[in-house]
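Visitor: I have a model open and would like to go through it with you. Could we begin with the ligand?

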Amino acid sequence: MDSNGAEPCPSTTENKAIGVTIITGFLGSGKSTLIRRILTEQHGLRLVVVENEFSAKGTVEEAIVTQGVGPDAFEQFIQLPNGCICCAAQDDLTDALSRLIRSRPGQVDHILVEASGLADPGPVAASFWVDDELETGLILDSVVAIADAVNIQSYLRDGDGMSEKARITQKQLVVADQVLLNKIDLLGTDPQNSDPAASEEERMAKRVSAVERSLREAGCSASINPTKRCIFDISKLLGVRAYDYDTSARSFSAPAPEKFSQHVHGEKMAVGTLTVSFEKVAFDSTLLDRAFGELLWENGESEPSHAIAEPPMEIWRMKALVEVEGEQRKWIYQSVHTLFESSVSSVDAADGVSHFIFIGKLLESTALRACLEKAIAVNLAPSPSSWIK
Ligand SMILES: Nc1nc2c(ncn2[C@@H]2O[C@H](COP(=O)(O)OP(=O)(O)OP(=O)(O)O)[C@@H](O)[C@H]2O)c(=O)[nH]1
């Protein structure tokens with residue numbers, strides 16, 4: 001318990017590495033509002049805030065975020081020129097934060113990074129996720145996306161869903177581990193679909209559900225939490241360790257049906273989630289590394305190739321629970337952006353079942369399956385059956 005009598009979020013104190021929460025969301029969705037809310041709550045965490053400086057006058061952003069916030073509410077407030085958080089300087093950001101927490105041992109509990117509203121949060125999330133936490137002292141806690149309930153549907157539809165605005169909005173939702181569907185106070189009720197017998201609350205709930213459906217169709221598989229002015233239980237946002245292997249293993253054991261969704265334009269799946277499953281096979285870990293390399297690097301966003309699909313598919317996020325030859329426990333593989341890593345889960349192996357969940361754009365099941373099949377080490381049945389959703 002701290003001097004304010006507040007209990008720190010438990011998972012942020014158990015692990016010595018300092019958790020980093022990336023806050024993303026399109027322009028004006030409520031990112032600063034959320035940070036301000038976190039800074040004013042009694043959670044007992046000593047926070048470092050990294051803010052994207054939107055204007056040439058950096059003081060504007062800081063003033064907005066720290067409005068009504070006492071000087072003790074945060075350990076340090078860092079502002080970076082617009083774009084830097086999500087551009088090539090992201091490694092510098094990781095290094096700078098690493099140096100900062102080392103220079104103040106025991107004085108920082110958690111770091112909040114506000115990504116630019118116009119940026120893809122994937123690369124910055126990857127820069128925190130892959131760094132060896134023992135070396136940097138940092139660990140990616142989760143990616144939180146704020147969606148403006150009033151405008152998000154039009155952003156997603158922009159340019160028939162294919163404009164840069166639509167792409168960025170989709171990516172922010174797809175990469176997120178949690179979504180705050182914010183500004184629901186401005187949604188109003190839909191006059192065209194209003195049932196005169198329904199109460200105001202029921203009509204509002206319908207509007208919220210309609211927006212939630214659009215987010216699912218856009219490939220969002222995170223939990224969606226409707227909010228007004230980002231009022232939300234902070235203990236459910238910070239210290240969640242969304243990338244911990246045990247957390248991931250649990251999400252594999254009972255995937256929600258809405259995990260498998262797609263946003264279709266004509267014949268192609270524009271943005272969505274696709275699962276490739278195998279039964280009665282075990283994979284070779286070295287060959288699997290190679291297969292992921294092929295999918296993420298040769299066919300990924302940074303080095304697009306036309307080898308597998310035309311236009312190339314984009315894998316934004318991948319989670320897999322895999323039976324690996326000779327291992328008693330299944331392995332978890334995760335990718336963020338173009339980086340991936342593996343670890344042993346707590347799930348027993350032996351049934352030969354492996355699930356690979358891909359989230360991205362223009363995903364092509366045949367190409368994904370063909371690439372993964374090259375990594376099969378042992379075929380326990382003559383013709384492995386499989387299902388794809
Ligand atoms: N009515 C209403 N207004 C909100 C809500 N949340 C935020 N706002 C307002 O929306 C505006 C934008 O909120 P910010 O928190 O600055 O949004 P942001 O995502 O940080 O904006 P950028 O930094 O420009 O990307 C501000 O005027 C907020 O006061 C909400 O739930 N309801």
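Visitor: How many residues surround the ligand, and which are the closest?
Guide: In this predicted model, the ligand is surrounded by 18 residues, and the closest are G30, K31, S32, T33 and G117.

Visitor: How do the residues of that shell divide into nonpolar, polar and charged?
Guide: The shell around the ligand holds 8 polar residues, 5 nonpolar and 5 charged.

Visitor: Which helix gives the most to the shell?
Guide: That is helix 2, which contributes 3 residues. Helix 2 spans residues 31–40 and is mostly covered, with 8 of its 10 residues buried.

Visitor: Which ones are buried in helix 2?
Guide: The buried residues of helix 2 are K31, S32, T33, L34, I35, R36, I38 and L39. K31, S32 and T33 are also listed with the residues closest to the ligand.

Visitor: And G117, where is that found?
Guide: G117 sits in the loop that runs between strand 4 (110–114) and helix 5 (122–130).

Visitor: Is G117 buried or exposed?
Guide: G117 counts as buried, because 21 C-beta neighbours lie inside 10 Å.

Visitor: What is G117 in contact with, leaving aside its neighbours within four places in sequence?
Guide: With those neighbours set aside, G117 is in contact with G25, F26, L27, G28, S29 and K31. By contrast, the C-alpha atoms of G117 and R216 are separated by 20 Å, and these two residues are 99 apart along the chain.

Visitor: Changing topic to helix 11 and helix 12: at what angle do the axes cross?
Guide: Helix 11 (residues 285–298) and helix 12 (residues 365–373) have axes that cross at roughly 150 degrees and come within 8 Å. The two helices are therefore roughly antiparallel to each other.

Visitor: Which residues meet there?
Guide: From helix 11, A291, E294 and L295 meet L368, C371 and L372 of helix 12. By class, this contact has 5 nonpolar residues, 1 charged and no polar ones.

Visitor: Now the strands. How many bridges join strand 11 to strand 14?
Guide: Strand 11 and strand 14 run antiparallel and are joined by 7 bridges. In this pairing, A320 stands opposite F356 of strand 14.

Visitor: What about strand 11 and strand 12?
Guide: Strand 11 pairs with strand 12 (residues 329–336) over 6 bridges, again in the antiparallel sense. The bridge partner of K319 in strand 12 is Q334. The two strands form a hairpin with 6 residues between them, and G326 in the turn has a positive phi of about 80 degrees.

Visitor: How many residues of strand 11 are buried?
Guide: Strand 11 (residues 314–322) is mostly covered, as 8 of its 9 residues are buried.

Visitor: Which residue other than glycine has a positive phi near 60 degrees?
Guide: That is D160. Most residues other than glycine have a negative phi. D160 is in the loop between helix 7 (152–157) and helix 8 (164–175), and D160 counts as exposed because it has 10 C-beta neighbours inside 10 Å.
Guide: A350 also has a positive phi, near 120 degrees. This residue lies in the loop between strand 13 (339–348) and strand 14 (354–361). A350 is exposed, with 10 other C-beta atoms within 10 Å.

Visitor: Finally, how many helices and strands does the protein chain have?
Guide: The protein chain has 12 helices and 15 strands, and 44% of its 389 residues count as buried.

Note on methods:
Residues are numbered from 1 along each chain as its sequence is written. This is a predicted model: local features need pLDDT of at least 70, side-chain atom pairs count only at pLDDT 80 or more; totals for chains, interfaces and linings use all residues. Helices (H or I, at least four residues) and strands (E, at least two) are DSSP runs, numbered from the N terminus. A residue is buried if 20 or more other C-beta atoms lie within 10 Å of its own, exposed if 12 or fewer, and partly exposed in between; C-beta atoms are placed from the backbone. A residue is near a molecule or strand if its C-beta atom, placed from the backbone, lies within 6 Å of it. Ala, Val, Leu, Ile, Met, Phe, Trp, Tyr, Cys and Pro count as nonpolar, Asp, Glu, Lys and Arg as charged, and the others, Gly among them, as polar. Axes are lines fitted to C-alpha atoms, for helices over the stretch in contact, and angles run from 0 to 180 degrees between N-to-C directions. Angles under 35 degrees count as roughly parallel, over 145 as roughly antiparallel, 65 to 115 as roughly perpendicular and the rest as oblique. Two residues are in contact if their C-beta atoms, placed from the backbone, lie within 7 Å. Two strands pair if DSSP finds at least two bridges between them.
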